[in-house]
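Here is my note on the model you sent.

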Amino acid sequence: MSQTNSRGTILPEFAVTAQQMRDIEGRVFAAGMPVAALMEKVAGKISQRIQALYPLSKLQRVGILVGPGHNGGDALVVARELHFSGYQVLIYCPFSKLKDLTAQHAQYTKSLGIRFVERVDLLCDCQLLIDGLFGFGLERSLSEPITMAIEQLNCCSTPIISIDLPSGLHTDTGEVMGKAIRASRTLCLGLWKLAFLQDRALDYIGEAELIDFDLPLTDIEAVLGSLPDVTRFTTDLAHSSLPLHRPPVTHKYQQGHLLLICGSRQYAGGAILAGLGARGSGVGMLSIAVPTSLKPILTAKLPEALVIECPETETGAIAHLRDLDLAKYSAIACGCGITQDAITVVQSVLAAEKPLILDADALNILASLGEIPRRQSLTILTPHAGEFKRLFPQINLNNRINASCQAASESSAVVLLKGARTIIARPNGKVDIIVESTPALARGGSGDVLTGLMGGLIALANCAQKPLESMVATAAWWHAQAAILAARERTELGVDAHTLTEYLIRAILS
């Protein structure tokens, strides 16, 4: 959900670089907010959250890691507040030089009789650890003795809460800078940092939540602009774009007509799952083009769909689309299970002047063609990492956000890069990221369901004259929410792709 601050203002869930966060805080300090006052406010909120998660009745011994900068200062204020609340606090600070404000807090903390220890292993007997070594902005790899201390703590079974960002992670890329704390939970301060949206950081961040401390929206917009480039896609954003409400007087073709081109003798399941995903979208009319041999199967599984039989190759792929009038459809989705023998099919849909989703083998065929054509109509590419590398071999995937943006710019297409954090990059540089997901989606056929669901939503939005590009993120969000709900009820092992389709409607009602 979007965050609401103490003044009742709903803050869009922007994601910022380290430099952007510095600039925003710089404006706050320049306006007269004392650094010490902001540290007290932020650390107070952190302390309250920690006590809510781990009340004194459940644990008493807390170890706190203190760094040399203001992240360490936050940690010292948290140590003080936990001490006053009755917790037994131990502090490990392996730095001789501290920033002035942090040094003042260290001096006062010692005056309270809170124990400082010189060996990090003495913290392993604590029931909770608070990581305040480094916050945002780390740009060089950590070295001894810090890396050794982090390695020791990661080997403990003690839960760790990191303040703002697990120490050792690069703020923008999520890269591990030598060694990094593996946090059980990370309390991100003020605004989401880009690292939280990078797949490579997930093993270190643990559960993530935002601690809002009332950054003025005017300062955020002054640095990021009124429409920031990277946005954490939320439930509110999804519900604002779902075209679920229908006028009292309408008919099926006014509610979108989707053409799915999918399946082969080898991969009949891809056509079925894409069709079930499209059915879940609520699209008014669904047509499915399949090889002749698949028509009886599809008709039995999806009796409400118009199944179009197409000539097939000797290998059981669609040979061509006969005389289909592609102009009559609201949207086209192509690729699920078609195999790489369906080259002429992909060439045909690329020439159509309709919104087009390309997935699976359609992407592999597109890569083999050597060039992604710039179409006048919306093009949506939905690769996983392997397909992305085949489509864009010259783009480095180390930074998935930057790579997706570059691919969208080069192809003039919306690029949905699948992963634990699904990234949707538009040609204009805007990025939406789906952060709520589940490894239950790592099952064959899950992507086919997404393609059908997205195709249905795009067709609906096209008829309703709603912005089409926003529906890409909405479909990915809906798909993930269905999987999360299914995994909650059936465990992650119990969510096959067919089961996933049964949770689509439930996911948006919950």
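1. Ser412 lies in the loop between helix 14 (400-411) and strand 19 (414-417). Helices (H or I, at least four residues) and strands (E, at least two) are DSSP runs, numbered from the N terminus. The phi of Ser412 is near 55 degrees, a positive value in a residue other than glycine. Ser412 counts as partly exposed because its relative accessibility is 31%. On this scale buried means under 20% relative accessible area, exposed over 50%, and partly exposed in between (1.4 Å probe, protein chains only).

2. Basis of the note. This is a predicted model: local features need pLDDT of at least 70, side-chain atom pairs count only at pLDDT 80 or more, and totals for chains, interfaces and linings use all residues. Residues are numbered from 1 along each chain as its sequence is written, and side-chain values use heavy atoms, with hydrogens and water left out.

3. Confidence. pLDDT is the predictor's confidence in each residue, from 0 to 100. Its mean over the chain is 93, and 97% of the residues reach 70 or more. Residues 1-11 are another matter: pLDDT stays under 50 there. For that stretch the model has 27 contacts beyond four places in sequence. Contact means heavy atoms within 4.5 Å.

4. Other backbone points. Arg322 has a positive phi of about 55 degrees although it is not a glycine. Arg322 sits in the loop between strand 15 and strand 16 (331-334). A cis peptide bond joins Glu144 and Pro145, with omega about 0 degrees. Pro145 belongs to the loop between strand 7 (128-132) and helix 5 (146-155).

5. Largest core. A nonpolar core is a set of buried Ala, Val, Leu, Ile, Met, Phe, Trp, Tyr and Cys residues joined through side-chain atoms within 4.5 Å. The largest one has 64 residues. Leu258, Leu260, Ile288, Leu298, Met454, Ile458 and Trp478 have the most contacts inside it. Helix 16 (residues 469-490) gives the most to this core, with 13 residues. Another core, of 58 residues, lies apart from it; Ala201, Leu259, Ala289 and Ala425 are among its members. In soluble globular proteins, nonpolar side chains tend to be buried together.

6. What does Ile458 touch, beyond residues up to four places away in sequence? The list is Ala331, Pro355, Ile357, Leu378, Ile380, Leu468, Met471 and Val472.

7. Helix 16. This helix has 22 residues and reaches 32 Å from its first C-alpha to its last. That is close to the 32 Å expected at 1.5 Å a residue; the expected span is 1.5 Å times one less than the number of residues. The helix is mostly covered, with 18 of its 22 residues buried. His479 is in helix 16 and is buried, with a relative accessible area of 6%. Leaving aside neighbours within four places in sequence, His479 is in contact with Leu441, Ser446, Val449, Leu450, Leu453 and Leu500.

8. Salt bridges. A salt bridge is a side-chain nitrogen of Lys or Arg within 4 Å of a carboxyl oxygen of Asp or Glu. By this rule the count comes to 20. Arg80 pairs with Glu40, the closest N and O atoms being 2.7 Å apart. Arg80 lies in helix 3 (residues 70-84) and Glu40 in helix 2 (residues 35-53), so the pair ties together parts that are 40 residues apart in sequence. Arg80 is buried, at 11% relative accessible area. Glu40 is partly exposed, at 32%.

9. A linked set. Arg49, Arg185, Glu207 and Glu209 are linked in a network of salt bridges. Glu207 bridges to Arg185, with the closest N and O atoms 3.4 Å apart. Glu207 is in strand 11 (residues 207-211) and Arg185 in strand 9 (residues 185-189), 22 residues apart. Glu209 also meets Arg185 in a salt bridge (2.6 Å, N to O). Both Glu209 and Arg185 are buried.

10. Two loop residues. Val249, between helix 8 (235-241) and strand 13 (257-261), is exposed at 73% relative accessible area. Glu304, in the loop between helix 10 (295-301) and strand 15 (306-310), is partly exposed at 39%. The Glu304 side chain makes a polar contact with the side chain of Arg279 (3.2 Å). A polar contact is a pair of N or O atoms within 3.5 Å; within protein, one must be able to donate a hydrogen and the other to accept it, and residues adjacent in sequence count only if both atoms are side-chain atoms.
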